[in-house]
Structures are given as C-alpha cells and as structure tokens.
Amino acid sequence: MKLVFEKSVPSRKAFRMGPRDVPSSVSIDESLLRKKPADLPELSELDVVRHFTELSRRNFGVDTNFYPLGSCTMKYNPKVNERIASYPGFAHLHPLLPQLRMGGMLTQGALRVLYEMDRFLCEIAGMDGFTMQPMAGAHGELTGLMIMAAYHRSKGTQKKYILAPDSAHGTNPSSAAIAGYEVISVPTGNRGILEPEEVRRHLNPEVAGLMLTCPNTLGLFNPHIAEICELIHGVDGLAYYDGANLNAIVGQARPGDFGFDIIHINLHKTFSTPHGGGGPGAGPVGVRADLVDFLPVSVVVKRDDGTYALEYDRPHSIGYVAPFYGNFGIILRAYVYILMLGKEGLKRVSQNAVLNANYLKEKLKDHYDLAFDGVCKHECVFSPTQAMLDNDVHALNIAKSLIDRGFHPPTIYFPSIVREAIMIEPTETESKETLDRFIAAMIEIAELALSDPQQIRDAPVTTPVSRPNETIAARVLDIASIA
Amino acid sequence: MVKEGLLYTKEHEWVRVEGDSATVGISDHAQEMLGDVTFVELPEANASFAQNDPMAVVESSKAASDVYCPISGTVMEVNSPLEDAPELINESCYEQGWICKVQMANPQELDTLMNAEAYGQFLAEQS
C-alpha cells in the first residue's frame, strides 16, 4: 500500500476556495511567510477517504481479534460505555464550566459522576479518598509517590529509598526516580514472589515506602502481603499498591485490607476503557484516611443540600497533577462499566479472568516451559522449551507466528526475570471457543518449532509488512514523515 | 562463548587486566540475552566508581540494562565508537565492543571476580 504522500498528484484538490472579490486588507510581515508551499499531499476528497478507510481495515484490536497481551488487560470494552460517553450532555461539556460563577449548577451530572466514582473506587479498593486526575497508570504512580513524599515531609522525616521487586513494571523505578527517590531492587525468590525475608534484608530507616504489584507480573498472588505491609510500616514507610493487575482480585479482596496505604487503579485495564496505542488512560489514586489531605485539588464534594461542588481549600494538597479533572470521558466509561456490572458482576469478572488464565496454563504447560507452576491469577508466563531454543526458535518467533493465526502476540521478554518470557493474559471476556482456538494455535506452533522451525522463524507471512527492522528503527530515530 | 584469559562478574561484565588498567565490557552471554543493542550510554572520562556501581547503560530492543563497574577506579578512556555503532557489542563483545578502561584503585578486588572456567560453570548453573 502506498503512503498518502506517494498518492499525491500535483494541484489535485479536495476543496477550492471561491475567488476573492474584495481587496485584501491583511498584510503579513514578509519574514513570517513561507518561502515555498508546505509539502502536503495533494488529493481529492475521495482519495483521502479511500486511503484512510483502507488503513482502518488493517486495524487489529479487541473488536476484531483475541488480544492476550500480558500485563495490559486488553478486555472487551462494552459498547454501552461508548453510548453513554457520547451523550451531548457529557461529551460537549466545557471543563471550565463548573469553575465559573453559577456554572456548578449546570454541571451537576458530571460532578456527580466524579464524586460517585470516588466512592465506588474507595469501596472496591478499601481506601478513604481518591483523585481522578492522573492521566494513566504511571502518572498515578508519580502522584502516589508525591503524596508519599508529602506525608514524610509533614512528619519531618528524612527518607531516601523506595523498595520495588525486580519483577516490577519498569514504570515503578522510573516513577520513584522522578519523584526524587533512590530505588532498591529486591530480588524475587524461588517461588516467584517477593519473600518477607528479602524485604527485611533490604529494609532500613530511610525507606520511604514499597511499590508492589499483587498479583505480580508472573500472575502470582503473594500470600505474605499483610506481613510485608507491616514490615514497611515498621520503619514508618508507606505501602503502595500498583493496581496494574487489579483485574485478578477485583470484587474478591481489597488492597486497603491487606495494609496498603496508597493505590493507583488503571481504569483502562480493570474497568474496560479503550487503551493501546498510547491512551488516553486514567490512573486514579486512592489513599487511606490520614493521607486524604494531600490529594490533588480540586476535590468534588457533596454538600448538605445534595448538590455537588468543587473544593479548593486544601492547604496540604500536593496541587494539580493534571488539567481539570483527569480524562473525564474515560472516568465516565469506567463508571458506566461499574454500574452495569454491580458488585456481583465485578466478582465474576475476576473469577472468570483467573479461570481463563488457569485453563490456558493447564492446556499449554506440556508444550512450553512454565516459569512458575501452581495456580496463577489472571495471567501466566511461559518460555520456549530448550529444544525450541536449540532450533533457534525464540519467544519473538512464537509471537510472530500467532499473528498469522489471527491472534495478537502476547507480551514477550517481560518480566525480565524470566528468560524468553511469553506472558499471556486472556481476560474474562473471551469464550472457551476462542481460548481453544488459541490453545490449538500455540500447540501447532510448538510442534512446528521442532519439525519445521524455518516456518516459525519466517512468520508472519500474512501481513502487509512481515518484520519491520526494529533494531534500525531504534538505532536511527527518524520520526519525520516528510523528508 | 566464554573467552579465556578474562575475568568475569555475576552481572556478566568481563575485565581484561593490563598492568593497573582494567578494560571492561559485557560478555557474549550478556549480549545474546539482550539481543540487538541499540544504544550505549558510556561513562564520562575521569569519573570514579566504586566496585559494583552502575557505570554505563546498554539498551536493546528488549531491555535497558545497567553495566556495573567490576572494580573500583577511575575511567581513563571510553570506547566512543559505540555511540555511533552500538552493534559492535553484538558483533565483537570481547574486542571492538569494549566499554571503557579503568585505572584500578584497589587491584585486590580482582580476587572477587571469576576466571573463565568459573564463569562458564556459573552460566551452566544459571540455565
């Protein structure tokens, strides 16, 4: 397929301005004018429509195919979310309106959504207050760490370090570093989880807190979680729950009850809002009661007369972390999802997510190496067998072969503590029939990796582009579309 | 491949000792695990490091990985061609893909490193 620039025909136009019939009264300084016209494609309207329609038909998403991207929770997004979010009363609201005089009364619906979402998430996570502002999970992490820093500052204690397991998402250490902390990486034990003994070994009075994903990136729940939180509290540190994998326990257990003090929730994962390709995401942050004063402003409050309003009088707040109220359209979609499912529905979400992951794990564990055996939560991590590696078939080749079979590749080479990791997360929305087709494809690939490895190494062969040169793309950064 | 005559760390750096100078790079096993190297952040000349301090970063399409200083000392020379040709680490990790030369502050630390045979055994135990 040609690029839109290659389809350009000189002087072809989609729209022609009528001739000017009044004298020009605007004079623009010569130095501000282009010396030559911008190098834009010249096309008719139909050319443009066909070009982008053809591109859109090559899209690959949850709406077209199974998307078992480990750690990303690419679940189906119910269309009712979209319908409600497109209501003009929500979609056309100006974010400044509730800040204008009398504007609050014109935006009661939207304010109520924000207020109730705060209450829902508190109930789900076992926290006492939430901010909806953070625009994504990593932004939530940074917000949470800024709240942690504000807490330690308010007590006048000197804190320097953040503990994070070596299986953590890369965003954990980077968020900690941006918040001004040094990161101590704690090794994962033989059972694939963070052991209390290791936490104790790395603990010191200058530890500000711990960041933990639970279940972790291997899909394993940590049975010592309460003990680990207590250890952190023992040095007046705070326990931060990275909610990336909340989908595995939503409705079943609450991080606040384990002993966590701060949490972010990726609405775009657990509560079915669109993501991939960079967003928009939403990473609301929740805190326990004595940290509520540090939450960003503004805060939506419910007055005695039942109306909703923005409150700014929070002297201990860390301030704004995003314009206005976060990605409102995304928060609204997650709100609809929670209301549609209710408490019972959310419980079934995590039950089915875990059931699906264990079904895949059991069916595939005789064909691939399993990093850690035992009951997993919402995802599991495989590796190619030694025989496959001896045939020069790696995780990358297996992932590429899935494309030819109509599946999005799983996450590969993460978590980095597993060699040649293939991280599969089916989510709760896939049927047994889809899972069985995926299992059959994975088994076929495993067999071909031994009998005809070249076929696996050549994949994919059914796509418009087979293998982009990822190394050149990373070594020679050139993001300009126009030379 | 483990090259004879070099010393190795558990973090997969190698060291070539010449007088009080130690040339540092990453092992063949390390470059193989990383895959195609896309970027190398070299230490600054004259910078001092203690043993096990992170001194450089090697990035590949799979991961970004710290290179730890195998021995305390001061950086005398860095392999600046790596800035434009990071692939040298993949193509020639023990020769052209060296990272820097360190003037050792405490050569006794060399005793904490593994020889080729011990490193080979270490790799076998790891897999």
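In strand E7 of chain A, Val285(A) is the bridge partner of His264(A). The model is predicted; local features need pLDDT of at least 70, side-chain atom pairs count only at pLDDT 80 or more, and totals for chains, interfaces and linings use all residues. Residues are numbered from 1 along each chain as its sequence is written, and chains are lettered from A and ligands numbered from 1 in the order in which they are written. Helices (H or I, at least four residues) and strands (E, at least two) are DSSP runs, numbered from the N terminus.

**Strand E6 of chain A and its partners**

- E6(A) is joined to strand E7 (residues 285-287) of chain A by 3 bridges, and these strands run antiparallel. Two strands pair if DSSP finds at least two bridges between them.
- Strand E5 (residues 238-243) of chain A runs parallel to E6(A), with 4 bridges between them. Tyr240(A) has Ile262(A) as its bridge partner in E6(A).
- In a regular strand the side chains alternate between the two faces of the sheet.
- E6(A), residues 262-265, is covered on both faces: Ile262(A) and His264(A) are buried on one side, and Ile263(A) and Ile265(A) are buried on the other. A residue is buried if 20 or more other C-beta atoms lie within 10 Å of its own, exposed if 12 or fewer, and partly exposed in between, with C-beta atoms placed from the backbone.

**Helices H5 and H6 of chain A**

- The axes of H5 (residues 137-155) and H6 (residues 171-178) of chain A come within 9 Å and cross at roughly 45°. H5(A) is therefore oblique to H6(A) (angles under 35 degrees count as roughly parallel, over 145 as roughly antiparallel, 65 to 115 as roughly perpendicular and the rest as oblique).
- Axes are lines fitted to C-alpha atoms, for helices over the stretch in contact, and angles run from 0 to 180 degrees between N-to-C directions.
- H5(A) contributes Gly137(A), Ala138(A), Glu141(A), Leu142(A) and Leu145(A) to the contact, and H6(A) contributes Thr171(A), Asn172(A), Ser175(A), Ala176(A) and Ile178(A). Two residues are in contact if their C-beta atoms, placed from the backbone, lie within 7 Å.

**Backbone exceptions in chain A**

- Most residues other than glycine have a negative phi, and most peptide bonds are trans.
- Cys214(A) and Pro215(A) are joined by a cis peptide bond with omega of about -5°. Pro215(A) lies in the loop between strand E4 (207-213) and helix H8 (225-234) of chain A.
- Phe414(A) and Pro415(A) are also joined by a cis peptide bond, with omega of about 0°. Pro415(A) is in the loop between strand E12 (411-412) and strand E13 (422-424) of chain A.
- Met102(A), not a glycine, has a positive phi of about 70°. Met102(A) is in the loop between helix H3 (88-91) and helix H4 (108-125) of chain A and is exposed, with 7 other C-beta atoms within 10 Å.
- Asp236(A) has a positive phi near 55°. Asp236(A) is in the loop between H8 and E5 of chain A and counts as partly exposed, with 15 C-beta neighbours inside 10 Å.

**Chain B**

- An open sheet of 3 strands in chain B has the order E4-E6-E7, with antiparallel pairing. Strands E4 (37-41) and E7 (64-68) of chain B stand at the edges with a single partner strand each, so one side of each has no neighbour in the sheet.
- E4(B) pairs with strand E6 (residues 54-60) of chain B over 4 bridges, and Glu41(B) stands opposite Val57(B) in E6(B).
- Between the chains, 6 residues of chain B are in contact with 6 residues of chain A.
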